[in-house]
Amino acid sequence: MTGQVDAADREVAAAPRVLVTRTPARSAELVEGLTSQGFAPVLSPLSEAQAVSGRAGSDAVGLLSGGPYDVVTFTSANGVWAADVLAREHSARSLGELFGHARVWCVGEATRAAATNLGLTVQNPPRENSAAGMLEEWTRVMGEGPGQSVLCVHGEPARTELVDGLRDRGHRVREATVYEQVPFPASRPLIETETERASPAPVLGREATSTCLRAEGVDAIDAVVATSPRLIQTLAELGPVRVPVICIGRTTERAARELGLEAIRSPGTSAAHLTDTVSRVLGYDEHRTTHTS
């Protein structure tokens, strides 16, 4: 029995290790995909989203219910879930009731799925899944007329490029900050609204992540999957990132390159896109042959 366990341990240890900056609640599909291709995913959540509370929560609900809006934008699934939590807790109204007449636009497949599951009718995504992509295609999707009433729903901290760009074009923009990122694990996480199935991959705290980044040999990591600019910046502060960084979008790629890292942008935001990119960067055929033979 001991020999069998040791052999299994050696097989797992030999698998290329991929560090993923996601919480267990949001990484099950990605972990499954990476594992199926012969990789050994390790999670380093670093931070987790929770809905704002107190005065910030009341202010957010006032903005969510302050329409009607012509357009509502979401740049993360966390924003959708947190907005729904706040709306139901404070006003007993769903997002479908609040935004039923607005055009809803989302960045990323997970964000679109979250909005659709909550009863929102969502516009086709921008070709580039980012706030910059929204700006580039705004006229094509939303029309040429200035002065549209727009609610941008996001978390804290938030990038300002979408809001600033829309205001520069003459639109009437309001911002609803509905969630905050706190060190993992959060005391009031959005886990229940994210998924019922958590990832089985090992989860590292910040100290263990720092040790992992400095490890050599079989304990070293072979790639990083970065899911936001802030997370790759935090990761780089914990230790040297000396391996390829697979980035979920243009802003994350830019943040990684600004840090001097080897950044490769995934062609899409889904778990399948990220898995395929990891396989391509690390050598799909080689690893698949080694770990399935």
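A residue counts as buried when its relative accessible area is under 20%, as exposed when that area is over 50%, and as partly exposed in between, using a 1.4 Å probe and protein chains only. Helices (H or I, at least four residues) and strands (E, at least two) are DSSP runs, numbered from the N terminus.

Before going on, a word on the model. This is a predicted model, in which local features need pLDDT of at least 70 and side-chain atom pairs count only at pLDDT 80 or more, while totals for chains, interfaces and linings use all residues. Residues are numbered from 1 along each chain as its sequence is written, and side-chain values use heavy atoms, with hydrogens and water left out.

**The sheet**

Strand β3 belongs to an open sheet of five strands, ordered β3-β7-β6-β4-β5, with mixed pairing. β3 (47-51) and β5 (103-106) are the edge strands, each with a single partner, so one side of each has no neighbour in the sheet. On average, neighbouring strands are turned by 25° against each other, direction ignored; such angles run from 0 to 180 degrees between N-to-C directions, with axes being lines fitted to C-alpha atoms, for helices over the stretch in contact.

Strands of a sheet pair through backbone hydrogen bonds, either parallel or antiparallel. Two strands are taken as paired if DSSP finds at least two bridges between them.

| Strands | Sense | Bridges |
|---|---|---|
| β3 and β7 | antiparallel | five |
| β6 and β7 | parallel | eight |
| β4 and β6 | parallel | four |

Looking along β3, Ser47, Ala49 and Ala51 point one way and Glu48 and Gln50 the other, and all are buried. Alanine 51 has tyrosine 179 of β7 as its bridge partner.

What about β6? Seven of its eight residues are buried, so β6 too is largely enclosed by the rest of the structure. Cysteine 152 has glutamate 175 as its bridge partner in β7, and threonine 73 stands opposite cysteine 152. Valine 150 stands opposite valine 173 in β7.

Serine 149 also lies in β6 and is buried, with a relative accessible area of 10%. Leaving aside residues up to four places away in sequence, serine 149 touches Pro68, Tyr69, Asp70, Val71 and Arg172, where contact means heavy atoms within 4.5 Å.

**The nonpolar cores**

A nonpolar core is a set of buried Ala, Val, Leu, Ile, Met, Phe, Trp, Tyr and Cys residues joined through side-chain atoms within 4.5 Å. The largest one has 33 residues, and Phe74, Phe99 and Val178 touch the most other members. Helix α4 (residues 77-91) gives the most to this core, with seven residues. A second, separate core holds 21 residues, including Leu19, Ile232, Val245 and Ala255.

**A pair of helices**

Finally, helix α2 (residues 28-36) packs against helix α13 (residues 271-282) at an angle of about 35°, with their axes 9 Å apart. On the α2 side the contact is made by Glu29, Leu30, Gly33 and Leu34, and on the α13 side by Ala271, Leu274, Thr275 and Val278.
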